[in-house]
Amino acid sequence: MSLKMKAFKKSIWVYHVACSPCNNCDIEILDLLTPRFDVERFGILLVGSPRHADALLVTGMVNRLSKPRLIEVYLQTPRPRVVFAFGSCGISTGIFAGGYNTEGPVDKVIHEVDPEGVIVYVPGCPPRPEAMIDAIVKALKAI
Amino acid sequence: MKKKTVIPIGPYHPLLEEPEFFILYVDGETVVDMDVRIGYNHRAIEKIVESKTWDQDTFVVERICGICSTSHPFAYVQAVEDVAGIEAPPRAQYIRTIIAELERIHSHLLWVGLAGHFIGYNTVFMWAWKCRETILDISEKLTGNRNHYAMFKPGGVRRDFNDEQIEYALKRIEEVWKPNELITNAILDDPVMHARLKGVGVLSTEDAIAYSVVGPTARGSNLDWDVRRDHPYGAYDKVKWDVCVQPDGDVFSKAVVRLLENFESVKIIRQCLENLPDGPIDAELSEVPPGEGIGIHEAPRGEVFHYVRSDGSNMPYRHKVRAPTFMNLPSFKASCIGEEIADVALITASIDPCYCCTERVGVVDKSGNRSTLKEADLIKLSQEKTELIRKKLGK
Amino acid sequence: MIDRIKEQKDPNFYINDIKERFGDKILDTAHPRHSRIYILVDKKDAPEVVKYIFYEYAGRHSISSGVDTPDGVEILYHMALDNQRNIFINVKTLVPREDFRIESIGKDIPAFDWIEREIHELFGVEFVGHPDMRHLLLADDWPDGKYPMRKDFRRDF
């Protein structure tokens with residue numbers, strides 16, 4: 001394992017991108033930081049810039065206005081990088097499928113610019129905080 | 001002519017929910033004009049609901065906002081009941097009220113935490129969110145989910161409460177009172193807070209009327225408007241509670257309104273749980289006749305408004321949704337101008353929009369040179385100002 | 001005037017007062033439930049009636065909605081009367097297909113500013129005199145002449 005991968009797995013820094021969510025996944029992500037769940041114990045840190053991040057937490061389906069922004073943020077994230085698609089909307093556009101402003105689920109948009117991009121799916125509406133921690137742990141094991 | 005600087009803020013912010021894009025025009029440290037671009041979150045919900053049936057729509061409107069996930073269904077089912085000319089049975093009305101008030105407490109605590117973070121009081125952030133978990137526990141016990149409760153349907157509610165659930169909720173709701181008192185006192189007794197928040201971002205009563213703002217933003221500007229009392233629905237006219245109004249229109253007033261409303265909400269929940277009437281929970285709505293109806297609900301951020309028109313089929317012909325931020329957001333054009341940049345994050349936060357600003361702050365001066373500053377810059381400025389005040393006061 | 005009106009909780013008072021004040025300009029009124037009043041006016045009189053409710057009754061502009069109908073776009077101005085009056089006055093007007101224009105209220109009262117922009121971009125109604133008709137919700141590169149909330153909208157681009 002290269003030094004880069006070792007550092008990546010020890011302490012994963014995440015950046016939160018809200019595409020067009022209903023907020024619910026987002027407040028549950030914030031919940032992870034607060035005393036009950038406190039993910040900082042595992043070295044998971046929410047950072048303020050994609051350039052510092054190892055992983056993107058993407059919530060909600062992607063709409064026409066946020067699509068170019070998501071692609072930009074993804075391309076700014078240094079390699080190795082991984083994308084977490086949160087909630088039913090992020091995975092499949094969920095209840096918003098077929099709307100005139102819907103551009104597609106997260107994986108479709110990411111694979112348009114990077115076909116090799118690693119995507120982790122976290123289902124639920126919203127996923128429980130425990131499920132989110134579980135998803136991150138599973139993803140780190142799999143890489 | 002003085003040089004005017006343009007600061008774009010957003011649309012992505014590391015801490016908060018929805019993406020948003022602000023453009024500030026500043027002269028030195030003072031904001032002289034402001035523009036905002038929304039639409040990063042536009043999901044075409046009003047069009048989508050036209051292709052879903054009346055029952056399915058309840059779930060779609062629930063997903064307009066995760067924090068107000070009771071408010072939108074509450075207004076929507078009332079609009080449908082308005083068209084059909086029926087009323088939900090009393091037990092259903094009480095259950096609706098309980099869920100709506102639980103949501104108000106958790107939303108206000110969420111706001112208090114974030115506002116604490118904005119002015120550099122991270123302890124408040126952690127405390128408020130820890131206290132909020134109690135509410136989520138109660139919601140989970142009563143409805144089965146932490147958010148997105150799926151309790152509403154046109155004509156009633158989907159699930160009933162049993163005695164064990166009521167007992168649990170009555171016991172746990174008392175646990176909210178003390179931490180809430182602690183947070184309230186910590187904020188109201190702190191001279192730093194007074195110095196930092198008072199007189200900042202004043203929205204005068206005249207401006208509040210002209211912009212037709214709603215909810216705590218209006219009540220912080222000395223407007224005695226509360227949909228729960230002015231247009232009674234649910235069980236709000238059957239329990240005792242007060243409307244909290246503050247006179248000054250600044251950030252401090254709005255914070256006080258929200259903090260005090262939490263206590264009123266606890267009172268409402270306690271009374272509703274104790275006096276829950278027996279009987280059916282569903283009025284068995286079978287069809288929706290042609291016509292039009294209006295439903296309103298006082299969400300944590302202000303009045304939610306739903307207008308539906310039916311043509312007699314099983315789907316709405318038109319469904320208009322208006323969230324409170326839509327009316328509150330334009331108003332900080334009035335409250336931000338003339339303030340310092342360091343206060344903008346706080347003022348925008350004070351109306352509790354369904355998102356808040358900063359992520360990537362780039363300063364563009366008039367010649368077009370662009371330099372990108374580090375993220376979360378506005379919050380840092382705001383926190384530094386608090387620190388300055390604290391030092392001045394010798395705390 | 002306003003103080004006296006703030007005490008007035010009878011919906012019939014408002015219907016009669018508006019009829020008296022505007023006479024023939026009021027084409028129709030409906031009062032299906034205690035707290036819901038619908039008033040139909042011509043589009044050239046709508047701003048006058050709405051402003052009257054806003055200023056004289058201390059009405060709060062709750063929101064306006066557009067509805068696409070076969071004849072054109074109906075616009076409803078929902079005015080809430082608060083202070084425990086429990087009344088909604090809805091001023092309804094039709095913008096016909098031949099002439100998609102109506103006078104702006106947003107140029108005088110900021111509460112109407114954003115919703116007029118929204119109706120403009122979703123339904124294609126032009127608000128005459130509105131200072132700022134840029135996109136509010138849709139993307140900047142949204143094609144001209146495509147109005148998503150119209151019933152005949154198809155996404156073919």
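Colleague: Thanks! Where is Pro80(A) found?

Modeller: Pro80(A) is in the loop between helix H3 (67-76) and strand E5 (82-86) of chain A. Helices (H or I, at least four residues) and strands (E, at least two) are DSSP runs, numbered from the N terminus. Before we go on, this is a predicted model: local features need pLDDT of at least 70, side-chain atom pairs count only at pLDDT 80 or more, and totals for chains, interfaces and linings use all residues. Residues are numbered from 1 along each chain as its sequence is written, while chains are lettered from A and ligands numbered from 1 in the order in which they are written.

Colleague: What makes the bond between Arg79(A) and Pro80(A) a cis peptide bond?

Modeller: Its omega is about -10°. A cis peptide bond also joins Cys125(A) and Pro126(A), again with omega about -10°. Pro126(A) sits in the loop between strand E7 (118-122) and helix H6 (129-142) of chain A.

Colleague: And why pick out the phi of Thr93(A)?

Modeller: Most residues other than glycine have a negative phi. Thr93(A) has a positive one, near 65°. Glu284(B) also has a positive phi, near 55°.

Colleague: How do you know whether Thr93(A) counts as buried or exposed?

Modeller: We count other C-beta atoms, placed from the backbone, within 10 Å of the residue's own: 20 or more is buried, 12 or fewer exposed, and in between partly exposed. Thr93(A) has 23 such neighbours, so it counts as buried. Glu284(B) has 9, so it is exposed. Glu284(B) belongs to the loop between helix H11 (251-274) and strand E6 (291-299) of chain B.

Colleague: Why is H4(B) called largely enclosed?

Modeller: Because 28 of its 29 residues are buried. Helix H4 (residues 90-118) of chain B reaches 42 Å from first to last C-alpha, close to the 42 Å expected at 1.5 Å a residue; the expected span is 1.5 Å times one less than the number of residues.

Colleague: What makes residues of chain B and chain A count as in contact?

Modeller: Their C-beta atoms, placed from the backbone, must lie within 7 Å. By that rule, 33 residues of chain B are in contact with 33 residues of chain A. H5(B) gives the most to the side of chain B that touches chain A, with four residues.

Note on methods. Two residues are in contact if their C-beta atoms, placed from the backbone, lie within 7 Å.
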